[in-house]
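My notes follow in the order in which I looked things up.

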Amino acid sequence: MKASGKFYLTAIPAMFVIALTLNGCGGASNDKQANEAAADSINQLAVSPETNNLLYQFPTPFEVTTMLEKAKAGFIFDITNPPANVTKYATEKSKALNLGVFSADLAYSATYNRIDETNKFLAVTSKLADELGIAGVYDNTMMEKVKKFNNNKDSLVGMIRKVFGNTNDYLSKNNRNQVSVLVATGGFIESLYLSTALNMVAKDNKQISTLIFNQKGNFDKLMTILEAYKSDSSIMQVNNEVGKLKAVFTDYGLEADKKMPKEKAAQLNTLVEGVRNSFVN
């Protein structure tokens, strides 16, 4: 992991992350055909309504990126998934996972009002959404709107939040639950990775360590969802990788309101980075 920049930490509430992705509005008949074709390529599994409710009630990545900004942690583009990687994702599984990864990076850049980076992540999330059959959900004027929001971060973040919500609604209404599981997983992993990367280089990492510590509940929810869908071979593989992150909460001495030694923080980041890299590389 490359990291550079200065970090000045203040008190930060312990909240975190998980992501679903992007959209905007409407779709024509061609979009509908593309959506239906992609939906047919992933077999639908019957799971309990409680599990699906759990899936669609996860917070967005803005929960963590907002806290990082309040902590005055710097923006480091190098720790995000490079937008150029979008061409590497050929399978439905890799596209859905990295739609989640890039959505977390999008929230990160939007929170810090980084216009160029936000547009790059909008472009790659739009591309992956279209390829997954979530066609017609992006507003073609969105990137122009981002430029107009250059000096209005609240408007920029508000637009991206709406995009997250609309895509969540689309996937739910169209029973794209397995795609949602993979997107949510990618978003959670990338958000956790960003936090551990910043935690490793922060001058005083007590607040970010607390932020990570408090994600055990979200991790447990994600594992419950993955277990429910693991009869799907693709999700079973993801389940096995994500399961390695149980050690985050058991093996590194994470505690609320306690600073993590630099050596332990680096080891923690290495663990999370390994799981994350299995999805993005």
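What pattern does the protein follow, read along the sequence? I read α-α-α-α-α-α-α-α-α-α-α-α. The secondary structure comes to 12 helices and zero strands. Helices (H or I, at least four residues) and strands (E, at least two) are DSSP runs, numbered from the N terminus.

This is a predicted model, in which local features need pLDDT of at least 70 and side-chain atom pairs count only at pLDDT 80 or more, while totals for chains, interfaces and linings use all residues. Residues are numbered from 1 along each chain as its sequence is written, and side-chain values use heavy atoms, with hydrogens and water left out.

**Entry: whole chain**

I looked up burial and found that buried residues make up 54% of the 281 residues. Buried means under 20% relative accessible area, exposed over 50% and partly exposed in between, with a 1.4 Å probe and protein chains only. The protein exposes about 11,900 Å², and carbon and sulfur atoms supply 49% of that area. Accessible areas come from the Shrake-Rupley method with a 1.4 Å probe; for residues, only the protein chains shown count as cover. Of the contacts (heavy atoms within 4.5 Å) between residues at least 6 apart in sequence, 84% join residues at least 24 apart.

**Entry: H4 and H8**

At what angle do helix H4 and helix H8 pack? I noted about 45° for H4 (residues 92-111) and H8 (residues 177-201), with their axes 7 Å apart. Axes are lines fitted to C-alpha atoms, for helices over the stretch in contact, and angles run from 0 to 180 degrees between N-to-C directions. H4 and H8 are therefore oblique to each other. Angles under 35 degrees count as roughly parallel, over 145 as roughly antiparallel, 65 to 115 as roughly perpendicular and the rest as oblique. The crossing of H4 and H8 is right-handed. A crossing is left-handed if the near helix is turned anticlockwise from the far one by less than a right angle, and right-handed if clockwise.

On the H4 side I listed residues including Ala96, Gly100, Val101, Ala104 and Tyr108; they face a set in H8 that includes Val183, Gly186, Gly187, Glu190 and Leu194. The residues of this contact of H4 with H8 divide into 11 nonpolar, five polar and three charged. Ala, Val, Leu, Ile, Met, Phe, Trp, Tyr, Cys and Pro count as nonpolar, Asp, Glu, Lys and Arg as charged, and the others, Gly among them, as polar.

I then checked Glu190, which is found in H8. Is Glu190 buried or exposed? Glu190 counts as buried because its relative accessibility is 0%. Leaving aside neighbours within four places in sequence, Glu190 is in contact with Ile79, Thr80, Asn81, Val101, Ala104, Asp105 and Arg276.

Ala107 is found in H4. At 0% relative accessibility, Ala107 also counts as buried. Not counting residues up to four places away in sequence, Ala107 touches Pro61, Phe62, Thr65 and Phe164.

In helix H3 (residues 62-70), I found Phe62, Val64, Thr65, Thr66, Met67 and Leu68 buried. The buried residues of H3 pack against H4, helix H7 (153-173), H8 and H9. H3 is followed by Lys72, whose phi is positive, near 65°.

**Entry: two further helix pairs**

The axes of H8 and helix H9 (residues 206-213) come within 9 Å and cross at roughly 155°. That makes H8 roughly antiparallel to H9. H8 passes H9 in a left-handed crossing.

For helix H11 (residues 233-243) and helix H12 (residues 262-280), the axes come within 9 Å and cross at roughly 155°. H11 and H12 are therefore roughly antiparallel to each other. Val238, Glu241 and Val242 in H11 meet Val275, Ser278 and Phe279 in H12. That contact of H11 with H12 has four nonpolar residues, one polar and one charged.

**Entry: positive phi in loops**

Asn175 is found in the loop between H7 and H8. Its phi is positive, about 55°, although Asn175 is not a glycine. Asn175 is partly exposed, with a relative accessible area of 48%.

Asp257 is found in the loop between H11 and H12. Phi of Asp257 is near 60°, a positive value in a residue other than glycine. With a relative accessible area of 55%, Asp257 is exposed.
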